[in-house]
Protein chains: 2
Amino acid sequence: MKQKVYTLKAVDSKESYPGLVYNFGAGPAMLPREVMQLARAEFLDWHGAGMSVMEMSHRSDEFMSIATQTEADFREILAIPDNYKVLFSQGGASSQFAMVPLNLLAGKKTADYFHTGLWSGKALKEAERFCKVNVITNEDNDALLSVPEAETWSLDPDAAYVYYTDNETISGVRFPAIPDVADVPLVTDMTSNLLSKPFDVSRYGVIFAGAQKNIGPPGLVIVIIREDLLGHAPKHIPSMYNYTIQAKSNSMYNTPPTYSWYISGLVLKWIKGQGGLEAMERMSHARSDSLYQAIDKSDFYNNLVDPKYRSRMNVPFTLAGDSLNEKFASEAKDHGLVALEGHRSVGGMRASMYNAMPEEGVDTLISFMQEFERTNG
Amino acid sequence: MKQKVYTLKAVDSKESYPGLVYNFGAGPAMLPREVMQLARAEFLDWHGAGMSVMEMSHRSDEFMSIATQTEADFREILAIPDNYKVLFSQGGASSQFAMVPLNLLAGKKTADYFHTGLWSGKALKEAERFCKVNVITNEDNDALLSVPEAETWSLDPDAAYVYYTDNETISGVRFPAIPDVADVPLVTDMTSNLLSKPFDVSRYGVIFAGAQKNIGPPGLVIVIIREDLLGHAPKHIPSMYNYTIQAKSNSMYNTPPTYSWYISGLVLKWIKGQGGLEAMERMSHARSDSLYQAIDKSDFYNNLVDPKYRSRMNVPFTLAGDSLNEKFASEAKDHGLVALEGHRSVGGMRASMYNAMPEEGVDTLISFMQEFERTNG
């Protein structure tokens, strides 16, 4: 059998793909073009195995090499300490909303939840099926456009853990810093911003992220869990929801989502090639700074979030009149700028810009916005 | 944007892919070559959308058209009655092992489980976390190589449902007919043989199947559930494990495994093009009949399963001596016949032959077996 091994090629110019668009959707999201090219090249026959990655046994030497390398790259990029397990799991972040209380309550009756947007709201609703939830939020903040300041927090001393959503995709709000909760295990949903910045993993008990924004295709959720938090789940929870069972089987208690795992591995290689999380952070600042500046200097566009809490991933904005929304989205699409409609719960527009969004995508959006303002302002 | 729409092409000859192998693994498994070619052609840019299917929002018009068409084709192929919901779910069959009792007990305390192999064994172990399990099995059948005859069944009159595994992949045993359980809801795991034969869906309460054998890539599990069984789940179960919530949201309570859904849709089109389930059944009979005949007429190879219960998907066999196993597997691989090692719990060899295994793959295997017997017999 002929051994064909391709490598990531530098092909980030839109010119070579006249048909491709800039996808500003909140997720699933754009993947790096080099990754997609490489995946296409080895689609039918991975490294001479004679089959596609999606046809391989998850227990084959070939797939095990992919799985092992992906975890090693993930650990290296995030500098994950040895006392943390990494799980490549299924069911998305919404499964984690139940798995966190089911595994972490360990006999306790309460958990602290920061409520700063739709996703933390969903997570705490799910937790209420299993325990008492102590909600920490800004009372005068119906629209959830800010994060409560530390001096206002009323944490429960008996809480099993403290939970927050690092970045809220709907209103475009992020925590300005890792909350200091002393010795209580800190849990975070980083679905929308994991791998977009370096941070200290050792501050956390559990970090989880659905893959479909910065990491890879849908169907995979990655969990980072401190080992001392394993082993406390009650026996009557589903096996697939038991972190300990998943950790003991190295995420192969059953057939994992192999193809999403593989593509995520290619994305990790791409991140390393770009310069790691420092580079991802620099790029995310460049993208979001440009767009916020364009919005702030215009009277036509508006973003309501306090600059202190503004997301670097999701930038919601309104136009001078809601009646222009449809026209804006439709004309943007003609310029190859798609999925700019805001979430149905808040309306307006939203530009989601994850790791794979090239700077020229944002430049093209800003030029279009300026042109649209001139024509409709 | 240029509209590029490819179609399934008839390219089932191995000659055009000199490197490709015949994968006899139990799953993930081979996918039809025409499907893989089509998926490769539209990998970067699906139907002129300017992006890959795995980059699309699951709520976009493009993906919704894929999702809707896939469900329609699935319903058509299986002739699913209108009073059944079809769910495209995550977490594999192992999640269903918990979801079935959590959703179907509805206040009852017992369920009947046929134990005919490793997978029904796993399912009943999981169910024991949630209810009393009444096990129906052949007492004198440690190796689980047969299915209990109807006159020996001792069903519980108060059981919430009756559960069985239609095809057991490890020992290669299948139920010879749909068990008659009167009005009690019948639940079956068809992970390894759904879409390999026509059958009467209306005989069932719940049918589920992980995709990675006959349907598509890993990461997707399809559930067919009779509507009157919805709405009985207790409130304290995880939302993602609630069939009713999944049904109400049309399998989009959260981001579904979009790419596996899409590839499965292409496989369904391929099945229709081949002549539907009648054709799949004919092909599965042709493949398994040839291989069982080759085994039965040889003194070198042996299959222990009563012909009445022999699987049409998974054919385990032993060689004249266990010391030859490694040599057999290694030489088979040199002939492009891979993953023939039997499951570690039973040893020997196993040929899994799902829908996408071409007849010439089986012919090549049989020729190789005859040659190996001549040299080593």
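How many bridges join strand 5 of chain B to strand 8 of chain B? In this predicted model, the count is four, and the two strands run parallel. Strand 5 spans residues 162–165. Val162(B) faces Leu186(B) of strand 8 across this pairing.

Strand 8 (residues 186–189) of chain B is also joined to strand 9 (residues 206–210) of chain B. Side chains in a regular strand alternate between the two sheet faces. In strand 8 of chain B, Leu186(B) and Thr188(B) point one way, while Val187(B) and Asp189(B) point the other way. All four residues are buried.

These strands belong to an open sheet of seven strands in chain B, ordered 2-10-9-8-5-3-4. The pairing is mixed. Strand 2 (84–89) and strand 4 (132–136) of chain B stand at the edges. Each has a single partner strand, so one side of each lacks a neighbour in the sheet. On average, neighbouring strands are turned by 20 degrees against each other, direction ignored.

Asp112(B) stands opposite Asn134(B) of strand 4. Helix 2 (residues 61–78) of chain B packs on the sheet, touching strand 2 and strand 10 (221–226) of chain B. The helix direction makes about 130 degrees with that of strand 2.

Helix 1 (residues 33–41) of chain B has buried residues including Val35(B), Met36(B) and Leu38(B). The buried residues of helix 1 pack against strand 1 (22–23) and helix 6 (258–274) of chain B.

Terms used:
Residues are numbered from 1 along each chain as its sequence is written. Chains are lettered from A and ligands numbered from 1 in the order in which they are written. This is a predicted model: local features need pLDDT of at least 70, side-chain atom pairs count only at pLDDT 80 or more; totals for chains, interfaces and linings use all residues. Side-chain values use heavy atoms; hydrogens and water are left out. Buried means under 20% relative accessible area, exposed over 50%, partly exposed in between (1.4 Å probe, protein chains only). Contact means heavy atoms within 4.5 Å. Two strands pair if DSSP finds at least two bridges between them. Axes are lines fitted to C-alpha atoms, for helices over the stretch in contact, and angles run from 0 to 180 degrees between N-to-C directions.
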